[in-house]
Amino acid sequence: MNTSFHPTPRTLMGPGPSDVHPRVLGAMGKATIGHLDPEFQALMEEIKDLMRYTFRTSNALTLPLSAPGSAAMEASYANLLEPGDKAIVCINGVFGMRMAENVRRMSGELVTVEDEWGTQVDPEKLRAALIANPDAKVVGFVHAETSTGVCSDVKTLCALAKEHGCLSIVDSVTGLAGVELEVDQWQADVTYSGTQKCLSAPPGISLITFSQAAADRVKSRNTPVQSWFLDLSLLMAYWDGEGGGRTYHHTAPVNAMYGLHEALLMVKEQGLEASWAKHRTMHNALYENLSGLGLEFVVDASYRLPQLNLVKVPEGVDEAAVRQQLLKEFNLEIGAGLGAFAGKVWRIGLMGYAARQENVQLCTSALRACLPGR
């Protein structure tokens with residue numbers, strides 16, 4: 001017999017989704033109104049303003065997409081690339097690989113710059129690729145690689161792209177509000193993120209911003225954008241509202257947008273710098289505690305993400321069994337390794353509302369209980 005669903009409350013310390021803040025859950029439970037209701041249209045403007053604050057940008061073309069972060073990745077390439085355009089994609093983990101797959105599916109000409117998993121994108125390798133491919137139009141890379149816990153140098157990589165006449169695409173799904181990101185100052189052309197990481201909202205919405213140069217590229221296309229749903233010009237006809245009217249595009253997930261608004265509002269109330277500092281402080285506490293258990297972190301401290309930590313599985317330990325025990329006995333979720341790190345690491349998230357001292361203590365004590373002799 002079917003009954004109402006009542007999930008077991010978990011502490012989410014994996015690679016995402018992260019714990020959702022109670023204020024966000026409360027906001028999402030408010031009365032649903034129409035997606036063209038004047039009150040919702042006013043909320044749309046507030047969301048865009050709060051997004052500009054969080055991305056540190058004044059870009060006019062800044063909006064949420066009614067789909068998760070992977071859709072924002074696809075929107076970036078679908079809008080900037082036309083068939084035959086050359087794109088350089090930097091790969092140092094799973095999400096760089098997904099960027100490359102987007103180029104292939106857009107019928108673009110793909111050039112890859114590859115670095116070992118667990119290390120940063122190498123600016124000198126990108127420079128060499130740009131020199132060897134002067135006809136490249138786009139450079140894509142991941143700011144905060146969720147599969148490896150690595151933070152790459154957005155400022156330097158965007159400057160290289162600009163120097164060689166390329167537009168940059170920056171994946172900051174795990175980065176936004178967790179580590180420094182300065183879209184305008186660093187001259188990033190398209191930057192995107194998601195709700196389910198450091199913003200402490202449920203998965204399902206992504207955030208994207210286009211520089212004027214990127215917007216001009218979209219306007220000057222010779223071919224239609226491959227995706228109707230992700231066509232920026234059609235989306236902006238709904239989200240822009242200039243001139244007093246909005247063109248119906250799709251039925252926005254109204255209550256999810258309430259949650260996004262509340263999440264962004266909390267970032268602004270706390271302050272971006274304070275949010276970055278909180279994630280660093282909680283990372284330091286986790287590092288100290290887990291090091292005390294004899295556990296080792298994979299990524300070099302100089303480019304380690306504070307909000308997404310790769311921890312080596314001790315020799316002889318069944319990493320999947322530990323994760324299952326954590327979930328069953330402590331209602332604690334941590335993540336498995338992906339790709340080159342599968343079976344070798346745990347991915348422990350400290351994102352947004354999950355970046356709290358009580359979560360650090362829970363994770364430490366639970367791992368101690370699951371690892372005999374620690």
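Predicted model: local features only at pLDDT ≥ 70, side-chain atom pairs only at ≥ 80, totals over all residues.
Now the strand 2 end. Strand 2 pairs with strand 10, residues 206-210, in the antiparallel sense. Five bridges hold that pairing. For a landmark, find leucine 65: serine 206 of strand 10 stands opposite.

Is strand 3 enclosed or open to the outside? Six of its six residues are buried, so strand 3 is largely enclosed by the rest of the structure. In a regular strand, side chains alternate between the two faces of the sheet. Here both faces are covered. Lys86, Ile88 and Cys90 are buried on one side, and Ala87, Val89 and Ile91 are buried on the other. Note the lysine in that list.

Who are the neighbours of strand 3? Strand 4 runs parallel to strand 3, with six bridges between them. Lysine 86 has glutamate 109 as its bridge partner there. The chain gets from strand 3 to strand 4 by way of helix 4, and this β-α-β crossover is right-handed. Strand 5 is also parallel to strand 3, joined by three bridges. In that pairing, alanine 87 partners valine 138.

On to the rings. How many aromatic pairs does the structure hold? Three. I'll show two of them. In one, tyrosine 238 and tryptophan 239 have ring centres 5.9 Å apart and planes at 70 degrees, so the pair is edge-to-face. Tyrosine 238 is buried, at 0% relative accessibility. Tryptophan 239 is buried too, also at 0%.

Another pair is tyrosine 287 with phenylalanine 297, edge-to-face, 5.0 Å between centres and 65 degrees between planes. Tyrosine 287 sits in helix 10, while phenylalanine 297 is in the loop between helix 10 and strand 11, ten residues apart. Tyrosine 287 is partly exposed at 38% relative accessibility. Phenylalanine 297 is buried at 10%.

Last, charges over rings. The charged end of lysine 268 sits over the ring of tyrosine 53, 5.7 Å from its centre. Arginine 356 lies over the face of tyrosine 353, 3.9 Å from the ring centre.

Notes. Residues numbered from 1 in each chain as written. Heavy atoms only, no water. Pairing = 2+ DSSP bridges. Helix = DSSP H or I, 4+ residues; strand = E, 2+ residues; numbered from the N terminus. Buried < 20%, exposed > 50% of the residue type's maximum accessible area, 1.4 Å probe, protein only. Right-handed = clockwise from strand over helix to strand, strands pointing away. Phe/Tyr/Trp six-rings, centres within 6.5 Å; stacked < 30°, edge-to-face > 60°. Lys NZ or Arg CZ within 6 Å of the ring centre and 35° of its normal.
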